[in-house]
Amino acid sequence: MSITITAFDRSPDGGRGLARDTRVRWALEEAGQVYGVRLVSWSGMKEADHLALHPFGQIPTYEEGELVLFETGAIVLHIAERHAGLLPADASGRARAITWMFAALNTVEPPILELATARLLEGDRPWAAQRMPLVLDRVRERLGQLSRRLGDDDWLDGAFSAGDLMMVSVLLRLRIPGLLDEYPKLAAYVARGEARPAYQRAFAAQLAVNKPLAD
Ligand code: GTB
């Protein structure tokens, strides 16, 4: 059954791989699955055809025959459950890897998104300077906790899993504000994720779409 995902026709990050199609591309590459991409514009995401796939008018979506999915957590879990390479074989190990996926999306990503909102959307508000330290504290609290748990291990729970794929994807967004460098163990963890051949292929594929235009 062929797989088609959606992605921005031009990501606002200019090809840094921060839009959420990258994590789905990465999962598909880890699983060795061929996939097609349908590019959508910001306005196209709000039109009926796309809303029929994604009720919130966002990317990415995932189509496989009759099956239509949205939400990267659900999409990556679907891929991981059907193909080898992203979840351990034993039931307890799988449950722990899925726990890390949820932790990435529900516990680590929210303060990181709050930081992105504070920097990019609210930076010109009169209260922005007062709010920023509070937002940064919440991100640093999670990073400190995560860094202590990771310790000197390569991955969060034994071998690389969908939990690491999701956590690295979430942490990548901290590189631009420079926060990752404050946590060398997490910076090395993210670098290990980025060094995986499957990530490299996923990154190159989104860059081919979003490459900044030459002068
Ligand atoms: N919870 C959903 C999921 O995990 O799938 C969130 C999906 C989502 O937020 N998609 C964004 C979107 O479609 C694109 S990735 N937004 C349009 C809208 O909501 O109207 C978010 C994103 C956008 C841009 C950058 N960037 O430029 O750095 C990074 C991430």
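Start at the cavity: the lining of the largest cavity draws at least three residues from each of domain 1 (3-85 + 199-210) and domain 2 (91-196). The model on screen is predicted, and residues are numbered from 1 along each chain.

**Stop 1: the cavity**

Select Gly17, Leu18, Ala19, Arg20, Thr22, Arg23, Trp26, Glu109, Ser169, Leu172, Arg173 and Tyr199, which line the largest cavity. The space inside the largest cavity comes to about 120 Å³. How many cavities of 30 Å³ or more does the structure hold? The count is 1.

Now colour the selection by residue class. The lining of the largest cavity has 5 nonpolar, 3 polar and 4 charged residues. Helix H1 (residues 21-30) gives the most to this lining, with 3 residues.

**Stop 2: a salt bridge**

Keep Arg23 and Glu109 on display; both belong to the lining of the largest cavity. Their side chains meet in a salt bridge, at 2.9 Å from N to O. Side chains of opposite charge can pair when their charged atoms come close.

**Stop 3: the two domains**

Colour residues 3-85 + 199-210 as domain 1 and residues 91-196 as domain 2, the two parts into which the protein chain is divided. How far apart do the C-alpha centres of domain 1 and domain 2 lie? The distance between these centres is 21 Å. In the contact, 16 residues come from domain 1 and 20 residues from domain 2.

Show the surface where the domains meet. About 1,600 Å² is buried between domain 1 and domain 2. Carbon and sulfur atoms give 64% of that area. Across the interface of domain 1 and domain 2 there are 3 salt bridges.

**Stop 4: the pocket**

Next, select Leu18, Ala19, Arg20, Leu113 and Arg173. Of the 33 residues that line the largest pocket, these lie nearest its centre. Two elements give two or more residues each to the lining of the largest pocket: helix H3 (72-82) and helix H4 (91-121). Which of the elements gives the most to this lining? H4 does, with 9 residues.

The largest pocket holds about 860 Å³ of space. By class, its lining divides into 18 nonpolar, 6 polar and 9 charged residues. Why does the largest pocket lie between domain 1 and domain 2? It lies there because both domains give residues to its lining.

**Stop 5**

Select Arg201 and Glu29. Arg201 forms a salt bridge with Glu29, and the closest N and O atoms are 2.8 Å apart. Arg201 lies in helix H8 (residues 197-210) and Glu29 in helix H1, so the pair ties together parts that are 172 residues apart in sequence. In the whole structure the count of salt bridges comes to 15.

**Stop 6: two details of the backbone**

Go to Pro60, in the loop between helix H2 (48-51) and strand E3 (61-64). Is the peptide bond from Ile59 to Pro60 cis or trans? The bond is cis, with omega near 0°.

Finish at Glu71, placed in the loop between strand E4 (67-70) and H3. What is the phi of Glu71? Its phi is positive, about 80°, although Glu71 is not a glycine.

Terms used. This is a predicted model: local features need pLDDT of at least 70, side-chain atom pairs count only at pLDDT 80 or more; totals for chains, interfaces and linings use all residues. Side-chain values use heavy atoms; hydrogens and water are left out. On a 1 Å grid over the protein atoms alone, a cavity is a set of points where a 1.4 Å probe fits but cannot get out, and a pocket is an open set with protein on both sides within 12 Å along at least five of seven lines; lining residues have an atom within 4 Å of a point. Grid points are joined across faces, edges and corners, and a volume is the space filled by probe spheres set on the points. Helices (H or I, at least four residues) and strands (E, at least two) are DSSP runs, numbered from the N terminus. Ala, Val, Leu, Ile, Met, Phe, Trp, Tyr, Cys and Pro count as nonpolar, Asp, Glu, Lys and Arg as charged, and the others, Gly among them, as polar. Domain bounds come from an automatic or database domain assignment. Contact means heavy atoms within 4.5 Å. Buried area is the accessible area (1.4 Å probe) that two parts lose on being put together, summed over both. A salt bridge is a side-chain nitrogen of Lys or Arg within 4 Å of a carboxyl oxygen of Asp or Glu.
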